[in-house]
Amino acid sequence: MKNPHSLRITLARTGFAAALAVALAGATTANAAPEAVGYDRVAVFTGAAGAVSYQVHVPPGHEPGRALPVVVAVHGCGMTGYGPNSMRDMTNLNALADREGFLVVYPSQDLLRGVRLNCWNGDNAAHQRRGEGEPALIAGLTEQVITEFGADRSRVHVLGASSGAGVAVIMAVTYPDVYATAMSMAGAEYKINEAGVDAAGKLNPVDLGPVDTAQRAIAEMGPRARPVPMMVVQGDRDTTVTPNFATRLITHWAAIDDLAISGGLDGPVDDVPESVVQVNDPDRHPYTYSKYYAAGGDTSLIDYIMVSGMGHRWPGTGSGPLVDNQGPDLATLWWDWAKTRSMP
C-alpha cells in the first residue's frame, strides 16, 4: 500500500505536515455540504390473511404531496426485511433511492410462517392467489405505504431475490393492476411447484411446461390480465436456482404476454430475443443482456440479464454474504429499466 539531529528535523516536518493535513481536511469537511440521506421506519400491516412487518426507506426531501414511485423489495431465504435488514444491505437500494427519489419497502417474513430458513411460501398453492396468503399481505402493505406517503400509484414496482423473486413473479400475476413492473433475481415461474421440482431445487421430468403454467397464470390474472414488464436476472454458475429456471421463466412470461395481448399462443410475443448485447467490463463479470418485444413494439416486455461466472448471489455494490461485488450494479441496471415504465 501503499541520525538523531536529522531525525528530529524529519519528525518536526512530519508533524507539521500531519497538522496541516488535518487542518485542511477539517476545512474541506466544514465547507462541503453533507450528503443527503433519507430515513427508515418500521411498520406492520394486518389484514384477513394475518400480519407482516416491513421497513420503509424514505428518501431525503420527501414532502406531503410529492408522489414518489414505490419499490417493494422482497428478501430471499435466510434473510430479513427490517431490523438487521439484510435485503437492504445486499441490494444497496437505499443509496439509489436517495439519489433517484423513490420509496423502498422491505417486507419481512414471519419466522412462524416461513416453513424453512425464513423463506416465503411461493411454492405453496395457498400463497398463489389474489386476496389470500402472502400475496394479500404484500399487496396490503403496498397499499398502506401508497396511502400513507401519497405515492404514485402508476409507478409501483416489485422485485425479489431467490424465494423473494418467486414472490415478485406471483405479485405480478395476482396484482397486475398494482405493480407496474416486476424483477426476478434467481427466481422461477408462477406455479413452479406444479412443474416437478425436487428437494434440491432441480427440475424432475416435467409435469407441466412453462406454457402450461403460463395458462394458469393468465387464468389467475383474469380480467386484469396485461403484459407486465418483467426483468429476469440469473447467474450462470448458480447451483441453488439453476439457469434452466430462468430459461423457463422467459418462455413462461412470453406466453403470458402473448395470451394477455392476443388471447392465444400464436400472437405477437415469443421467447426469441430481438436484441442481444454482450457487456464486457475488465473489472466485473461479463453479462449478456437480451430483450424481448411484441411484434411491432418499441418497448421491451421482457429483459434478461445472464451474468457469467456468478453463483447464487446478488450482483452489485451492496454488502453481505449473498453479494457478488464483481457483478454488474444490478440495482442501477434495474432502476434505469423500471423508471421508464409505468402502469398503462
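pLDDT is the predictor's confidence in each residue, on a scale from 0 to 100. You need that score here since this is a predicted model. Averaged over the chain, pLDDT comes to 88, and 86% of the residues score at least 70.

The start of the chain is another story. Over residues 1-33, pLDDT stays under 50, and the model shows zero contacts beyond four places in sequence for this stretch. Where pLDDT is low, the predicted coordinates should not be read in detail.

## The chain as a whole

Let's step back for a moment. The chain has 344 residues, and buried ones make up 50% of them. Its accessible surface is about 15300 Å², with 56% of that belonging to carbon and sulfur atoms. If you trace the fold, you'll find eight helices and twelve strands.

The largest nonpolar core holds 57 residues, and L103, Y179 and W253 have the most contacts inside it.

Now zoom in on L103. Setting aside neighbours within four places in sequence, L103 touches a whole list of residues, among them V56, H57, V58 and P59. Its contacts also include L68, P69, V70 and V71, as well as V145, F149 and A151.

## Helix α3 and what follows

Just after α3 comes G101, with a positive phi of about 85 degrees.

## Strand β10, covered on both faces

Why is strand β10 (residues 302-307) described as largely enclosed by the rest of the structure? Because six of its six residues are buried.

In a regular strand the side chains alternate between the two faces of the sheet. Here you can check each face of β10 in turn: I302, Y304 and M306 are buried on one side, and D303, I305 and V307 are buried on the other.

Which strands pair with β10? One is β7 (residues 230-235), joined to β10 by six bridges and running parallel to it. In this pairing, V233 stands opposite I305. Another is β9 (residues 287-292), also joined to β10 by six bridges, but running antiparallel. There, Y287 has V307 of β10 as its bridge partner.

Conventions:
Residues numbered from 1 in each chain as written. Predicted model: local features only at pLDDT ≥ 70, side-chain atom pairs only at ≥ 80, totals over all residues. Heavy atoms only, no water. Core = buried A, V, L, I, M, F, W, Y, C linked by side-chain atoms within 4.5 Å. Buried < 20%, exposed > 50% of the residue type's maximum accessible area, 1.4 Å probe, protein only. Contact = heavy atoms within 4.5 Å. Helix = DSSP H or I, 4+ residues; strand = E, 2+ residues; numbered from the N terminus. Areas by Shrake-Rupley, 256 points an atom, 1.4 Å probe, with all protein chains shown as cover. Pairing = 2+ DSSP bridges.
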